[in-house]
Amino acid sequence: MTKEVNLIDALKRYFGFDKFKGDQEAIIRNVLDGNDTFVLMPTGGGKSLCYQLPSLIMPGTAIVISPLIALMKNQVDVINGMSEGDGVAHYLNSSLNKSAVEQVKSDIRAGKTKLLYVAPESLTKEDNVEFLKTVKISFYAVDEAHCISEWGHDFRPEYRRIRPIISQIGNAPVIALTATATDKVRTDIKRSLGIADAHEFKSSFNRPNLYYEVRPKTKDVDKQIIMFIKQHPGKSGIIYCLARKKVEELAEILKANDIKAAAYHAGLDSSTRSKTQDDFLMENIDVIVATIAFGMGIDKPDVRFVIHYDIPKSLEGYYQETGRAGRDGGEGKCIAFYAKKDLKKLEKFMEGKPVAEQDIGRQLLQETAAYAESSVCRRKMLLHYFGEEYEQDNCGNCDNCKHPKTKIDGKDALLIILKA
Ligand code: ADP
Ligand code: MG
């Protein structure tokens with residue numbers, strides 16, 4: 001059916017955009033043709049449109065499986081607010097009460113719903129499965145598909161049940177989307193969703209505007225961070241720490257140094273958290289000190305730095321977290337502090353866990369350590385991790401390329417220090 005559809009027209013009419021980004025058009029055509037599709041695209045690349053647009057064109061309702069309950073309402077509101085979008089999107093998740101769920105179902109029965117967002121735990125509910133059996137489904141979109149894999153950075157066991165549930169409800173093409181591109185995750189997704197033959201669309205994961213640096217974590221780390229922030233006055237930044245306690249301590253230290261900072265972690269109540277998020281977006285706060293609970297779905301285009309106070313648990317997570325910097329294409333400085341001691345601490349945390357999980361955890365950690373200790377171009381290493389070869393020898397935008405570590409004797413070192 002794709003030949004007859006003028007996709008640019010549809011793009012303009014529904015979304016008001018003039019052209020497609022990257023592979024969007026080819027991806028959409030593949031979905032319209034009824035094929036299984038696998039989309040690997042970095043954060044901010046425009047994955048949502050790859051299922052939203054075909055859902056509006058195809059007969060029936062597309063089922064969108066997404067783990068981000070907090071963002072579902074917002075996404076649905078955006079679509080319903082588009083021209084010709086009124087009432088075409090709904091969601092089902094645990095935040096809805098019984099009568100709201102009934103309302104959604106009756107709207108779907110009335111036949112206007114083109115997109116239904118469902119949390120995985122709602123998809124597996126028997127009532128909902130029975131109901132969805134009666135619905136004409138255009139295709140299934142599995143967003144944040146890396147949640148299927150233990151090798152990803154956000155494993156959700158319910159994601160493993162998606163394929164069996166789809167088979168119960170009724171087969172239709174599947175489009176899986178993720179910003180996680182490691183081979184292991186990719187293989188897991190295909191196997192678990194049973195889409196071995198899916199057409200794969202992979203964009204480059206290079207973010208040329210991001211500067212990567214690893215610094216040894218010395219005693220004066222707090223001082224270094226304060227200095228860095230003072231050198232970037234009024235700029236938005238995120239500082240990630242592993243422990244909630246450290247998050248709170250560091251936020252206090254920054255505030256005591258006249259920096260507009262706030263703490264964010266899952267232990268704070270939800271009204272405090274959403275106020276902090278809003279304050280950050282509105283720029284009442286410059287710096288958020290946070291655990292990794294902060295960030296998924298936060299779309300602030302002009303975050304200028306992301307600092308890792310502690311070494312992250314995996315390179316995958318590191319890439320996702322640093323990816324929140326410079327989404328507008330402008331400068332984004334990504335600085336990680338690394339101490340061998342922290343590795344030991346992280347390994348200790350894993351001790352109580354099942355053996356298989358420990359093995360995975362240790363391997364991911366070793367890869368992060370290798371990255372931190374290497375003198376090879378950081379970009380090259382990160383891209384290699386995602387199965388992409390970076391051809392240039394010098395990216396010009398990481399510490400190892402800007403200040404190559406060469407073996408020098410004492411006299412040369414002194415000369416370099418004197419010249420600096
Ligand atoms: P992802 O899910 O890949 O992280 P999103 O789907 O959230 O990315 O899209 C990121 C941003 O890009 C959104 O603000 C979206 O409106 C915008 N966008 C998507 N496609 C286009 C396009 N063709 N032209 C302009 N902006 C687009
Ligand atoms: Mg997305």
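**Why it is called that: helices, burial and contacts**

Me: What covers the buried residues of helix α9?

Reply: The cover includes β5, α8 and β6 (174-178). Contact here means that the C-beta atoms of two residues, placed from the backbone, lie within 7 Å. One thing to keep in mind: this is a predicted model, in which local features need pLDDT of at least 70 and side-chain atom pairs count only at pLDDT 80 or more, while totals for chains, interfaces and linings use all residues. Residues are numbered from 1 along each chain as its sequence is written, and chains are lettered from A and ligands numbered from 1 in the order in which they are written.

Me: Which residues of α9 are buried, and why are they said to line one face?

Reply: In α9 (residues 183-193), the buried residues are Val-185, Arg-186, Asp-188, Ile-189 and Leu-193. They fall within an arc of 165 degrees seen down the axis, so they line one face of the helix. The arc is taken from the directions that run from the helix axis to the C-beta atoms. Just after α9 comes Gly-194, with a positive phi of about 65 degrees.

Me: How do you know that the length of helix α15 agrees with its number of residues?

Reply: The expected span is 1.5 Å times one less than the number of residues. For the 19 residues of α15 (residues 355-373) this gives 27 Å, and the end C-alpha atoms are 27 Å apart, so the two agree.

Me: Which residues of α15 are buried, and which exposed residues sit on the face turned away from them?

Reply: Leu-364, Leu-365, Thr-368, Tyr-371 and Ala-372 are buried. They cover an arc of only 110 degrees around the axis, which puts them on the same side of α15. The face turned away carries the exposed residues Val-355, Ala-356, Asp-359, Gln-363, Gln-366 and Glu-373. Cover for the buried residues includes β8 (210-216), α13 (315-322), β13 (332-338), α14 (340-350) and α16 (378-385).

Me: Why does Glu-144 count as buried, and why does Asp-258 count as exposed?

Reply: The test counts other C-beta atoms within 10 Å of a residue's own, all placed from the backbone: 20 or more is buried, 12 or fewer is exposed, and in between is partly exposed. Glu-144 has 22 such neighbours, so Glu-144 is buried. Asp-258 has 9, so Asp-258 is exposed.

Me: What is the phi of Glu-144 and of Asp-258, and where does each residue lie?

Reply: Phi of Glu-144 is near 50 degrees, a positive value in a residue other than glycine. Asp-258, not a glycine either, has a positive phi of about 60 degrees. Most residues other than glycine have a negative phi. Glu-144 is in the loop between β5 (137-142) and α8 (162-169), and Asp-258 is in the loop between α11 (244-256) and β10 (261-264).

Me: Why is Arg-215 called partly exposed, and what does it touch?

Reply: Arg-215, in strand β8, has 16 other C-beta atoms within 10 Å, so Arg-215 falls in the partly exposed range. Leaving out residues up to four places away in sequence, Arg-215 touches Ile-335 and Phe-337.

Me: Why does Phe-386 count as buried, and how far from Thr-182 is its C-alpha atom?

Reply: Phe-386, in the loop between α16 and α17 (399-402), has 22 C-beta neighbours inside 10 Å and therefore counts as buried. Its C-alpha atom is 4.6 Å from that of Thr-182, although the two are 204 residues apart along the chain. Phe-386 touches Ala-181, Thr-182 and Phe-205, again not counting residues up to four places away in sequence.

Me: How do you know whether the protein agrees with a compact globule or departs from one?

Reply: The radius of gyration, taken over C-alpha atoms, is set against 2.2 Å times the number of residues to the power 0.38. With 420 residues, the rule gives a value near 22 Å, and the protein has 23 Å, so it agrees. Of the 420 residues, 40% count as buried.

How values were computed
Helices (H or I, at least four residues) and strands (E, at least two) are DSSP runs, numbered from the N terminus.
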